[in-house]
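Subject: Structure for your review

Dear colleague,

Please find below the structure that I am handing over to you.

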Amino acid sequence: MSILSRFSEKERDYHRYQSRQEALRVQRTIQRVLDEARAATEAARANEQAARAAAEAERQATEAERQAKEAARAGEQAAREGEQAALAEVARLKALLQQQTDR
């Protein structure tokens, strides 16, 4: 009877051991899935931040281009005004010279 009791006890110990091992395997699997999900979430956040930074850089480049075009237009306008002023001065001087020669 004692031998049967020892066998029975060993079998219960074996089943307890197997149950513990299975519980550890399940726990490791759950932890791995959680770690993978966390890593995926962090990667998605990093991608989102990179996309936001790229969009901001694009917006700034577009704004800088707009300002450069505006400055070029202003420069062209200033050049035209300067040319008109020079032509007006030439016309004034011609008229003054004509008055001097007419006298």
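The accessible surface of the chain comes to about 9300 Å², and 57% of it belongs to carbon and sulfur atoms. Accessible areas come from the Shrake-Rupley method with a 1.4 Å probe, and for residues only the protein chains shown count as cover.

Before going further, please note that this is a predicted model, in which local features need pLDDT of at least 70 and side-chain atom pairs count only at pLDDT 80 or more, while totals for chains, interfaces and linings use all residues. Residues are numbered from 1 along each chain as its sequence is written, and side-chain values use heavy atoms, with hydrogens and water left out.

Overall form

Along the principal axes, the C-alpha atoms fill a box of roughly 150 × 10 × 5 Å.

Helices (H or I, at least four residues) and strands (E, at least two) are DSSP runs, numbered from the N terminus. Helix H1 covers residues 2-102 and includes Leu34; Leu24 is also found in helix H1.

How much of the chain is buried? Buried residues make up 0% of the 103 residues. The term buried means under 20% relative accessible area, exposed means over 50%, and partly exposed lies in between (1.4 Å probe, protein chains only). Leu24, at 36%, is therefore partly exposed, and Leu34 counts as partly exposed because its relative accessibility is 43%.

Leu34 also belongs to a nonpolar surface patch of about 250 Å², which it makes with Val26 and Ile30. Patches are made of residues with over 30% relative accessible area and no salt bridge; like charges are joined within 9 Å, and nonpolar side chains (Val, Leu, Ile, Met, Phe, Trp, Tyr) within 5 Å.

Charges and salt bridges

The chain has 19 positive and 18 negative charges, and their mean positions are 9 Å apart. Lys and Arg count as positive and Asp and Glu as negative, whereas His and the chain ends are not counted. The place of a charge is taken as NZ of Lys, CZ of Arg, CG of Asp or CD of Glu.

A salt bridge is a side-chain nitrogen of Lys or Arg within 4 Å of a carboxyl oxygen of Asp or Glu. By this rule the count comes to 10 salt bridges, including the following:

- Arg25 pairs with Glu22, their closest N and O atoms being 3.1 Å apart. Both lie in helix H1, three residues apart, about one turn of the helix.
- Arg59 pairs with Glu56 at 2.7 Å between the closest N and O atoms. Because these two residues are three apart in helix H1, about one helical turn separates them.
- Glu63 and Arg66 meet at 2.5 Å, N to O. About one helical turn separates Glu63 and Arg66, because they are three residues apart in helix H1. Salt bridges that share partners join Glu63, Arg66 and Glu70 into one network.

Yours sincerely
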